[in-house]
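Here are a few exercises to work through with the model open in your viewer. Try each one before you read the solution.

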Amino acid sequence: EVTPFVAKFDTYRSALVDALVDSKISHWDKAIRALAAEALARLVSVDPGLFQTSVLGRLVAGCTSFDLTTRHGSALGVAQVVKALADHARLASSGNSEQGLPAAVPHAISNADLAAKVVALVPTIEKARLYRGKGGEIMREGVCALVEATAVAGLALDSTVITKLQQSIDDNLRHPKEEIQQCAIQALRIFAARYYARHSHAVQTRVVDRYIDVLRTDPSPAMRRGFSLGLGALPACVIAPTASDIVSVLCDTLTTLEEDPEVRDAETRRNAAVALGWLMEGAGIAADNGAAERDAQPSAAMPPPNSLAHSIAMQAFEALLQGMTDYATDNRGDVGSWVRLASMAALEKLLFALERAGVCKEEIARRGVAQVLKQLNERIDRVRAAAGGTLVRLLAPGGLSAVPHADELRSMIHAVESENRGWGLARFTFPHTVNALSLPSYRRAVIEGLLMATGCLTEATQTASAGALRAWLARAPASATLAVGADILDV
């Protein structure tokens, strides 16, 4: 807050901007460079003319510097300043949003030549091979920021530039470093929503088909991880023509465990689950029987355009339930827990999407909540903590309306949360969650979870789960005890 205030005074403004551009934007510390870029963006509203005529041009020139820190900081600076100039232009024009995006302001950069240089920055950097070799990873992050800023502003791009920027995104999606993949996903999400909504289905399908083909045929773990997320980041208007194929390949990626342990990749399965959650949340779900079913459900909202068919959502539902049974291990430990966590988060998004469409029937809710309860009674603290949070949200006011035994589960939640210990501590959680054994709809899932906890290698978790189960059996009626015993034998 201090710098924008001081910059209001003409005497100090130029000195502040010069210090950021000449010194901080090329600082040896990556975090300082990022902060300098953000500070420049905060100053745009104070004097947008200064940034249009001087600052942006200096930053653009720095993007092709031989010094790594200068070109990385300059790329971040250009991205932040372009977004700030676009925000300023929107305030001046009161532009309307476009499909959830900020309104496009193609003339946010008033100088046409400078705007052309900004648009050409990414191809220029790639042609000069400036993010390859030593230090190339941070330049990839800068390039992704430039693509994102271009899309946020809605700068005018011809089809050739769109293709080149898409290739740049894809190149970063296949990078083995997860941070770079996340930067590419952030850029792809807004880039596709901005530019592909106006293109023909043929152009959209070409992008989608390339991603699907990688998941079906390419053995490279890095590519499969990135392109799984890429499918989930695409907007509804892009995925609609091939939604069935997209969901099918993501479900196969999530649920297929290769016979050779050496080629299994938990991160790919995790990312497929994440992508399914994004798709369900972003596209929405249509009612099973169209208008007739919505008429029978007065609380159901009309599905958004390009929403997914109910049958496609059910395919994802079954895959996510299977993903929550992933117990694969390697030399890093229980890597299947990454898949279970991602599947549980995606399942929550899917259940809420079904609820909004008015088609979250009792059996669907029961099966989903049962899997969450299984995770809530398992061996890993962070999985239990995540499951507890999921259960709270599903049963909160405004959550799922058709959950069997919802009142009993809410009482269990209140008992755990009243102790203010959190859901991750087994010795405080199990004595309460074990009471779900008295609910026939969830008994089998709770038993499976408790048995996993009892057989784990952590003594504290073993003791807590076994003790909670013995205590419940001691006070349970004989019929419930026999039912639990039968299920234990069956498991």
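This is a predicted model: local features need pLDDT of at least 70, side-chain atom pairs count only at pLDDT 80 or more; totals for chains, interfaces and linings use all residues.

Residues are numbered from 1 along each chain as its sequence is written, and side-chain values use heavy atoms, with hydrogens and water left out.

**Exercise 1. Check the span of helix H15 (residues 266–283) against 1.5 Å a residue.**

Step 1: Helices here are DSSP runs (H or I, at least four residues), numbered from the N terminus. The expected span is 1.5 Å times one less than the number of residues.

Step 2: With 18 residues, H15 should span 26 Å, and its end C-alpha atoms are 26 Å apart, so the two agree.

Step 3: Now look at its surroundings. Of the 18 residues in H15, 14 are buried, where buried means under 20% relative accessible area with a 1.4 Å probe, protein chains only.

**Exercise 2. Work out how H4 (residues 48–62) and H5 (residues 68–93) are oriented to each other.**

Step 1: The axes of H4 and H5 come within 8 Å and cross at roughly 150°.

Step 2: Angles over 145 degrees count as roughly antiparallel, and those under 35 as roughly parallel. H4 and H5 are therefore roughly antiparallel.

Step 3: Contact means heavy atoms within 4.5 Å. Residues making it include Phe51, Leu56 and Leu59 of H4 and Val78, Val81 and Leu85 of H5. By class, the contact of H4 with H5 has nine nonpolar residues, six polar and one charged. Ala, Val, Leu, Ile, Met, Phe, Trp, Tyr, Cys and Pro count as nonpolar, Asp, Glu, Lys and Arg as charged, and the others, Gly among them, as polar.

**Exercise 3. Describe the setting of Leu250, then of its helix, H14 (residues 243–255).**

Step 1: Leu250 is buried, with a relative accessible area of 0%.

Step 2: Skip neighbours within four places in sequence, and Leu250 is in contact with Leu215, Ser228, Leu231, Ala272, Ala275, Leu276 and Leu279.

Step 3: The axes of H14 and H17 (residues 310–323) come within 9 Å and cross at roughly 10°. That makes H14 roughly parallel to H17. Their contact has eight nonpolar, six polar and no charged residues.

Technical notes:
Helices (H or I, at least four residues) and strands (E, at least two) are DSSP runs, numbered from the N terminus. Buried means under 20% relative accessible area, exposed over 50%, partly exposed in between (1.4 Å probe, protein chains only). Axes are lines fitted to C-alpha atoms, for helices over the stretch in contact, and angles run from 0 to 180 degrees between N-to-C directions. Angles under 35 degrees count as roughly parallel, over 145 as roughly antiparallel, 65 to 115 as roughly perpendicular and the rest as oblique.
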